Amino acid sequence: MRSVLGLVVVAAAVIALVAGSLASPAGENGSPTLPIAATISVFLLAVWAWICTSLDDTLVAFLAAVALIMIGVLPAEDFFASLGDETIWLLLCAFIIAAGVSSSGLALRGTARLLRHARTPRALFHLTTFALTVTTFAVPATSGRAALAIPVFTALAVSLAGRPALIRALSLLFPTVILLSAVGSLLGAGAHVITSQLLESVVGQGFGFLEWLWFGLPLAIVSSHLACEIVLLRFTTRAERRHGIPNVVADLARTAPTPVDGPLTPIERRAGLLLVAVVVLWCTEPVHHISPALVALLGAIVMVSPKIGCITLPVAVKKVPWALLLFLAATLALASALTATGAADWLGTWALGPMAGLGSSAGIAFAVAVIALSLGAHLMIPSRSARSAAIIPMVIALAPGLGVDPAAAAFASTAAAGFCLTLPSSAKPVAMFADPEIAPGGFQPRDLRSLSAILAPAMFLLVVSFSFWIWPAMGMPLLR
């Protein structure tokens, strides 16, 4: 029923757009031109399919791209070029590096060493939060980090048998921190890459790895540990928090596929050195001027090289989430079409243009509205990358006219869109930990809604605070 109603609404909007463009072919009186109307129509249909149908997100993006190509809005060569874009290669090579690091067991060993110091539930939860935040730089996708964290959660659940409240709270903590901490790295989510790429194509400059790290990591740390405290206070009692916990490392050692005690193995040392080298080269790009994609390519080659690598190329390639990379390429093409045709500018002016009448307060109202819209968009569009492809072009197009820096507004929007915790379908890590077969003893949907009711307002206030005060003090002013 919801899908039919949504289709009716979209169809009515499409008819109105096309009729308006035909009535004023040159775009007079604020009406869209025919290319703008066609682009927005395809975009609305794609959003409807993402929300209301069971079609695969990547398939929907491909269908939308093909439709834009057929009507002459998106050049075919631009679409195919997006598949070979530098950012796609950056992510591809980063996934190969991550596959080698994961297979070496280095991430599990590091987690075990941290958890060795956990004596109370609060210490356990905050050390787990710290460990999950660090994995942002080892695995470049939230779903991959969730898969890496499942064995750790399983071992903790075994150690905490008989304490269901703690197990349930941990099952909420894992996906929450995985999603919120992703903002700490440019490679933490595909949406970050889309935002940077769109800024580069429209404004002329996106975010480098070090820039994103500088602005994103403080928010990742603060939001993750704030969420940790909220989970603890909301889902455990004071008596439960005061009661000590057993040695969780012993159970982790029994269930882990690789050693978590003793000296580092040769493969772990190689994985650690390579990961540190790649991250350092990414952070020092302004000094050596080697592109992040080339650094990632060199790192991937070393990672799969015999004797000095940690994994074979065929095994690493199988671990690459190709559907995600194809989806990112397609949504990059869709977002570029929205920008190139002027559809994003027209749509943003139509939706948010009335704020211009607020005078000096227009920029503030715009920024707050963008943060609120981005934070709540996960209820409608389950894919974070799709949300960025839908929202960021409009933000970039409209921000300068309202006295807002487009890069700062796009960053704030992307950071807010990282909150996607209300429903199990809102994000893959949430769906994974909601599955009782994957995470036995985990949370129920009502627990997720209860957490979201507290955490969503907290995240809104946190992103607003960073946008208006903290990031400007760090060198990224929001208002011009």
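**Reading the predicted model: burial, rings and enclosed space**

Q: Why is the pair of Phe153 and Phe174 given its class, and which class is it?
A: The structure holds 13 aromatic pairs, and for Phe153 and Phe174 the ring centres are 5.7 Å apart with the planes at 75°. Centres must lie within 6.5 Å for rings to pair, and planes over 60 degrees apart count as edge-to-face, so this pair is edge-to-face.

Q: Which parts of the chain does the pair of Phe153 and Phe174 tie together?
A: Phe153 belongs to helix α8 (residues 142-159) and Phe174 to helix α9 (residues 164-181), so the contact ties together parts that are 21 residues apart in sequence.

Q: What makes a cluster out of Phe207, Trp212, Phe215, Phe411, Phe466 and Trp471?
A: These six-named residues, Phe207, Trp212, Phe215, Phe411, Phe466 and Trp471, are linked by ring pairs, each pair requiring centres within 6.5 Å.

Q: Why is the protein chain called as compact as a globular protein of its length?
A: The chain has 24 helices and 0 strands. Its radius of gyration is 23 Å, close to the 23 Å that the globule rule gives for 480 residues, so the chain is as compact as a globular protein of that length. The C-alpha trace spans about 75 × 50 × 45 Å along its principal axes, and 55% of the 480 residues count as buried.

Q: How many cavities of 30 Å³ or more does the whole structure have, and what lines the largest cavity?
A: The search finds 4 cavities of 30 Å³ or more, and the largest cavity has a volume of about 110 Å³. Its lining includes Leu108, Thr111, Val152 and Phe174, and α6 (106-115) gives the largest share of that lining, with 4 residues.

Q: How do the lining residues of the largest cavity divide by class?
A: The lining of the largest cavity divides into 9 nonpolar, 3 polar and no charged residues.

Q: Which element supplies the largest share of the lining of the second largest cavity?
A: The second largest cavity has a volume of about 80 Å³, and α14 gives the largest share of its lining, 3 residues. By class this lining has 10 nonpolar, 2 polar and no charged residues, with Phe137, Val139 and Trp282 among the lining residues.

Q: Which residues lie closest to the centre of the second largest pocket, and which classes make up its lining?
A: The second largest pocket holds about 650 Å³ of space, and of its 32 lining residues the closest to the centre are Asp57, Leu324, Ser383, Arg384 and Lys428. The lining has 18 nonpolar, 9 polar and 5 charged residues, while α18 supplies the largest share, 5 residues.

Technical notes: Residues are numbered from 1 along each chain as its sequence is written. This is a predicted model: local features need pLDDT of at least 70, side-chain atom pairs count only at pLDDT 80 or more; totals for chains, interfaces and linings use all residues. Side-chain values use heavy atoms; hydrogens and water are left out. Rings of Phe, Tyr and Trp (its six-membered ring) pair if their centres lie within 6.5 Å; planes under 30 degrees apart count as stacked, over 60 as edge-to-face and the rest as tilted. Helices (H or I, at least four residues) and strands (E, at least two) are DSSP runs, numbered from the N terminus. On a 1 Å grid over the protein atoms alone, a cavity is a set of points where a 1.4 Å probe fits but cannot get out, and a pocket is an open set with protein on both sides within 12 Å along at least five of seven lines; lining residues have an atom within 4 Å of a point. Grid points are joined across faces, edges and corners, and a volume is the space filled by probe spheres set on the points. Ala, Val, Leu, Ile, Met, Phe, Trp, Tyr, Cys and Pro count as nonpolar, Asp, Glu, Lys and Arg as charged, and the others, Gly among them, as polar. The radius of gyration is taken over C-alpha atoms; the globule rule is 2.2 Å times the number of residues to the power 0.38. Buried means under 20% relative accessible area, exposed over 50%, partly exposed in between (1.4 Å probe, protein chains only).
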